[in-house]
Structure formats: C-alpha cells, structure tokens
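Here are some notes to read alongside the model. Take them in order, with the structure open next to you.

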Number of protein chains: 2
Amino acid sequence: MKGPLLVILLYVSQQVRRGAYVHGYHHRENDRLQDQAGTLVAYPPGSVVLEAGCGIGAQTVTLAQRSPDARFTSVDVSADSVAQAKRTTDAAGITNVQFQQADIFALPFAPESFDHVFICFVLEHLSRPAEALTILNRLLRPGGTITVIEGDHGSTCFHSDSGAARMAIQCLVESQRLAGGNALIGRQLYPLMVEAGLEAIRVSPRMVYVDSSRPDLVDGFTRKTFTAMIEGVRESAIEAGIIDREAFDAGVRDLHRTTEADGVFCYTFFKGVGEKHKS
Amino acid sequence: MKGPLLVILLYVSQQVRRGAYVHGYHHRENDRLQDQAGTLVAYPPGSVVLEAGCGIGAQTVTLAQRSPDARFTSVDVSADSVAQAKRTTDAAGITNVQFQQADIFALPFAPESFDHVFICFVLEHLSRPAEALTILNRLLRPGGTITVIEGDHGSTCFHSDSGAARMAIQCLVESQRLAGGNALIGRQLYPLMVEAGLEAIRVSPRMVYVDSSRPDLVDGFTRKTFTAMIEGVRESAIEAGIIDREAFDAGVRDLHRTTEADGVFCYTFFKGVGEKHKS
C-alpha cells in the first residue's frame, strides 16, 4: 500500500476543519495506527460502497486503494472538502471513487442503492446520530453492512493520572456538546446501531496505547494529536466560562507530562459493524 | 484444555481473599476472557517458572495445563491460600507445580534460579511494587522474562456515563490506596518495569468490552465481577467517610444501568513482558 494517509491525520484534519488548531504531524507508523483504530477495511470486488462524510478524503485514499475493484461514492456536506478530497484522490491516481456534495440527512440516493456504507469520525459531530444511521440503513441492500468508527474522548487513561488533565479534556467534551456533537460517542455505537435497526452488530474497541518505548506515538499521537486537540479549545472554553485559564493550562501541562519517559497515555477508538435485515 | 478457571474468577477470588464481598459466578466464556485479559501464557518445555502470588491457585491450573513440560514453583504469602491452591491443582491432576508459602519481599531462592516469572493481580496490593519487580528480576537468569498482568479500575468507560458511578468506583480506588495498594496500577506497568531494570519491555492493553449482545459478559463481568467488587467496599467506604450512603448507592444503581439493553461497559487489563539483561 503506497502512502496511505494516517487515520490520525484524518482525525486531525477533521478537527482542523471544525476550527481546532493542531500542530503539524509527520506521517509514520501508518498501518499500525490505522489498524489500531480499526479503519483498515476491505470490500469485495464489484461492491458498491457509500462513504458518508469523507471530509478532505484522507480515509477515501486508503479505502479505495485497499478495495481497488469496489466502486465508492464519497459524500461530504462541505463542497470545499469534497473538492479537496477529489484533488487528493486524483493525485493518488485513484479512479474508483465518485464524489458528491451532500448532507447525510438529505442524501440523493434511492433506497437499497449500496452494498456497504462506511462512516468514520462523523457521528460525533451530529446532533441526531441514530437518525443518520437509520437513513444510511435505508440506502443499504438487504444483507449489506454499515461500518462505523468513532473515538471517545472520555476513554483516555494516563499516567501520571491528573484531575487537572481530566478537566481540560472535559472542556473539549463540553465544547463539542455545546456545538451539538458528542465526544463520548465511541462507547455508544452499539445502542445507536440497535436504534437504527441494524442487526448482527459487533462492536470492537481499538486502544491506542502509548509509552516511551513508542516515541513515534508519543510525538504523533499523545502530543501532536490528542493534546494539541485539547489545546485547540483553550480560547473557546475559557471564553464560554467552562474553565479558567490557570486550570486549563495546568491540565495541558499534565497531559504533556504523560509524554515524558515514565508517562503512559491510552485512547480508545470503537469500530461497529452491523447488517441490514436480510428480507 | 479441560476446565480452566476464569481469570475473572481468580480476580474475584483475590478480592474475596482481601475481604470484598462478591456474588457467585458461573464459569463461561473462559478462554475468551482469559485471552482478553492476556493471561493465556505458555512456557517452553523444560522451563523453570516462578509464579509469584498464586493465591488459591486459579491461575496456576491454567498455567500448568498450558505448559505441561515446564516446572512451576508457585508461592503466596498466605499459607491458607497455598494449601487451597495445592488442593485445587491436585484435584485437577496437575503434577508440575511445587507450592511454597513465601513473602515476595523475602523469597527463599538463589539469584538466577528461574527462566521466567509470572505475576498476575498481585502488584496492585503492594505498597512497593517496583521493589517487588526488582527482587523478582534478580531471581531471573540473564535473558529470562517477567510477565506482569494487572487491571486498572480507572480504565472503565461506560454508557450511560455517570458521575455518580465514577464516584463509587473512586471509593474502591481510595480504599485500596488506604490499604497500601494501587487500583490504577495497570497503566503504570511500563514505568514500574523500567524502574525494576527490565529490558525490551512491551506492554499491551486488553480491553474487556461488554454490550448486551454479550449476555454472559454482562452478567459475569459487569454485574457479578466489577459492580459486585464496587458494592463490596460499600460499608468500609461509608465508614471511612469517603462517600455518603446515598451517593454510593446512586453510583451502584448507575453501574447496574450499564447492564441494561442499551448499556455498555469497558474495562482494561494491562499485560507487560520484560527481559532480564542478557549478560
């Protein structure tokens, strides 16, 4: 597989798209991270697949390259993102993806148009995630599958443990809630997929575990992805009165402490796969 | 493998040994749970292995059965536990284990006596866990390995999320701290093993993920292991003034909520393997 972009990079890019400031990130350990996040998905030849919420196409590249004989339709609510996704896949020489600007809640497709649906790091930003899944389920042929991948900002576990760091993380959770989203959605995939009428649902957690024996992850994940994401809500959280400046900065300092030689940081992604009723 | 006892059962038994009340538990999904907790370990024929802190021998049975041509020495600080462990392994027809009552901090073995050391759900109860690992490291031959397995009560992640439930869990963390132990030790295996002078350390997390599609785990793990363990500190936590009765009971009710049809519960075990310096 040539140059697949990191799922983490996609994640960062989605946060950037939504206004959070994030430092630069170097591409490394791609497969391992993608595998850990559960985003390495392959579809059979001939499959017709909808990618709902493709963003700037980081994930689209990997999807299309891993399933060269499947046909993808990738949609995003942002026309700018769709245009950038198209440039990215064109540059990668990918020819099995069609792009379209569309809102998940108003998709221009007939029922049962797709064999499979893939939706990654999207539900966390929607105020009606179960309704979105219900709509996507309708677009599936009987027996088709939906694959859903989400993080969960409340799943973090780190050493040294720190109440201040947990409060800083809570600022992102609260900010996302105020914006109509849900930063704790990973753990909820199962009930959401049940509510959407999916069957044979299997949810599997994918923990990214980071200690100082894995310096690329210390730098790329703990420091430049997760902590940077938290730092990205500093101004808005202080402005919204969720936290004061000193408390927030103390929390971020403690998150950086987890990147030192004796530090440990864990974060869990959740992957859910469900089927549409067969008859 | 015939009738291996659950790692969870061992865990429960260790809590019982330490005074926490726990409901009965039915044996099911043995291999899957053991695999998830990372306790399925096999040693090469001829290996001489120390099991440090064998308790009542639940884990000893599995260890000895999976490595029938290794020789185990299993020790525990409690003579009663050792006697019960011997009865258990005798009943299982196991002949490759020697038992001995001994304190980890005063082990009657010469340096470099063992090829491997196995220590599971023990460090969480010690006030000097790194010192214990240092002592065990001394007993290893050069190039030998230590396998350490611990849970982490701060690693829980559940739906519906509940501050009250998190407070009730914190009572167990606090109780264990007051007793000289550390209920958040799982995430600390890496720095502890570094401090003990181990090399080539690899820590891997093992999450037990439970939703209502896995009724055996809902009952056996979330309800009868984890929540029961929390309920076990009710009186002592209230007596110690850590929490009041109403708040504790509200937390336990919310933990039980996670066992309903739309509930989800996650808990992470950590497994660390390190080597003794080769020369």
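1. The peptide bond leading from A:His159 into A:Ser160 is cis, with omega near 0 degrees. Helices (H or I, at least four residues) and strands (E, at least two) here are DSSP runs, numbered from the N terminus.

2. Now look at chain B, where B:His159 and B:Ser160 are joined by a cis peptide bond with omega of about 0 degrees. B:Ser160 sits in the loop between β6 (157–159) and α6 (163–178) of chain B. Why flag such spots? Most peptide bonds are trans, and most residues other than glycine have a negative phi.

3. On phi, have a look at A:Glu112: not a glycine, yet its phi is positive, about 60 degrees. Its place is the loop between β3 (97–101) and β4 (114–120) of chain A.

4. Next, the interface: 28 residues of chain A are in contact (heavy atoms within 4.5 Å) with 28 residues of chain B. The two chains bury about 2300 Å² between them, 61% of it on carbon and sulfur atoms. Buried area is the accessible area (1.4 Å probe) that two parts lose on being put together, summed over both.

5. How many salt bridges are there between chain A and chain B? The count is two, a salt bridge being a side-chain nitrogen of Lys or Arg within 4 Å of a carboxyl oxygen of Asp or Glu. B:Asp161 and A:Arg187 meet in a salt bridge through their side chains (3.6 Å, N to O). On the side of chain A that touches chain B, the elements giving two or more residues are β5, α7 (189–195), β6 (199–211) and β7 (264–275) of chain A. β6(A) gives the most, with seven residues.

6. Finally, some housekeeping: this is a predicted model, where local features need pLDDT of at least 70, side-chain atom pairs count only at pLDDT 80 or more, and totals for chains, interfaces and linings use all residues. Residues are numbered from 1 along each chain as its sequence is written, chains are lettered from A and ligands numbered from 1 in the order in which they are written, and side-chain values use heavy atoms, with hydrogens and water left out.
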